[in-house]
Amino acid sequence: MSLPLFASNWMTEEHHLLQDSAARFFSERWVPRAAAWRAAGLMERDTWHEAGAQGLLCAAMPEAFGGSGGDFGHEAVIVMEAARANLGGFGGSVHSAIVAPYLLRHGNDEQKARWLPAMATGGRVGAIAMTEPGTGSDLQAIRTRARRVTDEKGDHYVINGQKTFITNGQNADLIVVVCRTGEAIGAKGLSLIVAEIDASTTGLTRRRLDKIGLHAQDTSELFFDELRVPAANLLGRSEGLAFGQLMCELPQERLVIACQAVAMMERALDDTIAYAKQREAFGQPIWNFQNTRFVLAQAQSDLLAARALVDAAILAHLKGELDAARAALVKAWCSDLASRLTDACLQLFGGYGYMLETPIAALWADARVTRIYGGTNEIMKELASRSM
């Protein structure tokens, strides 16, 4: 087994209890179903209700809005336990730690009361639609447009455009759409509009995307064709506030990705040490070869450093002190390291590491995207350099 990590000073007894509960639930209830989800390309809709009943959704939301009344640490615990369980298909981190905070901090009282309790139970599944085929990390280049119309059907925004790489895209029925409104150009012309989707909705088409990893996650391309959304679903007191709202929330999103990356590394190292001690070559366990021990000792030291960095970032975030520049660098460094560490571990598995039935294969493939989503690591370094 790997060496114990240094104590996470932000974790209270309550966090530890949640950690044990989440780990047990994932291991007993979801891990046995994971292979079927990977084959299907998504987790069934009822898994969201299961997660809600277990207290694994909106853990940091106030109890007044149906949440558990916790802090970001509770979300971090759930994110890391899901990653340790190799459940890359669970989009709960986007739902609870990204979408819900937009509604909590930027929605009005009526919006919060209508949407957040349903998200906490899994009655609503959240997604955020930022990225477009031609924009990537450049949010100011967004082209999806929402025009405001008032007619016999009421006061609405009519949305036209295309979004891609949207986590929870198939199951989502509450989608925060980053749109261009009005005539302002660049960042000043962007707004957040929440689309509520049900069986009667017209104007939305979804296409599930096939990916290198995260096979059980329903990542999708969304097409908006005259999708009507009530004007009351605008987030914020007026149009044109989206860029500031996004910049406010993106540090937490990037910290979530760093949490995922560290937990993937923990699982990869544990699995590889166990494998190296039982797999034999030339009449002895491959653990007996100095190269194997040196590779895994290096991985252990990298993991110790990564977890200490993430713990420090979580503590800063809980105090309201995590700025965008440092969050970007934490995300970039941890995700780069996760790719290197899982690759080194996969190599020690030999041919079995390349087989999808071996957990290290999924960890390796899933870790790769952490360097891309939430903003590519190249963009992370560019953003951080502007504050240096």
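Strand 3 and strand 7 (residues 220-230) pair in the antiparallel sense over eight bridges. Within this pairing, Lys163 has Leu222 of strand 7 as its bridge partner. The model described here is predicted.

Strand 3 also pairs with strand 2. Strand 2 spans residues 145-151 and strand 3 spans residues 154-166; the two run antiparallel and share seven bridges. A hairpin of two residues connects strand 2 to strand 3. Thr150 has Asp155 of strand 3 as its bridge partner. Val149 lies opposite His156 in strand 3.

The overall architecture is considered next. The protein contains 11 helices and 10 strands. Its C-alpha trace spans about 80 × 45 × 40 Å along the principal axes. The radius of gyration is 21 Å, which agrees with the value near 21 Å for a compact globule of 388 residues.

Two packed helices are described by the angle between their axes and the distance between the axes.

Helix 1 takes part in two of the pairs described. Helix 4 covers residues 72-84, and helix 1 packs with helix 4 at an angle of about 30 degrees, with the axes 9 Å apart. Helix 1 and helix 4 are therefore roughly parallel to each other, as angles under 35 degrees count as such. The crossing of helix 1 past helix 4 is right-handed. On the helix 1 side, the contact involves Glu14, His15, Leu18, Gln19, Ala22, Ala23 and Phe26. Helix 4 contributes Gly73, His74, Val77, Ile78, Glu81, Ala82 and Arg84. By class, the residues of this contact of helix 1 with helix 4 are seven nonpolar, four polar and three charged.

Helix 1 (residues 13-30) also packs with helix 3 (residues 46-53). Here the angle is about 150 degrees and the axes are 12 Å apart. Helix 1 and helix 3 are therefore roughly antiparallel to each other, since angles over 145 degrees count as such. Their crossing is right-handed. Phe25, Arg29 and Trp30 of helix 1 meet Thr47, Glu50 and Ala51 of helix 3. This contact of helix 1 with helix 3 comprises three nonpolar, one polar and two charged residues.

The remaining pair is helix 7 with helix 9. Helix 7 runs over residues 242-278 and helix 9 over residues 324-349. They pack at an angle of about 20 degrees, with their axes 8 Å apart. Helix 7 and helix 9 are therefore roughly parallel to each other. Helix 7 passes helix 9 in a left-handed crossing. The contact of helix 7 with helix 9 has 20 nonpolar residues, together with three polar and three charged ones.

Notes: Residues numbered from 1 in each chain as written. Predicted model: local features only at pLDDT ≥ 70, side-chain atom pairs only at ≥ 80, totals over all residues. Heavy atoms only, no water. Axes fitted to C-alpha atoms, helices over the stretch in contact; angles between N-to-C directions. Helix = DSSP H or I, 4+ residues; strand = E, 2+ residues; numbered from the N terminus. Parallel < 35°, antiparallel > 145°, perpendicular 65-115°, else oblique. Left-handed = near helix turned anticlockwise from the far one by under 90°. Nonpolar A, V, L, I, M, F, W, Y, C, P; charged D, E, K, R; others polar. Contact = heavy atoms within 4.5 Å. Pairing = 2+ DSSP bridges. Rg over C-alpha atoms; globule rule 2.2 N^0.38 Å.
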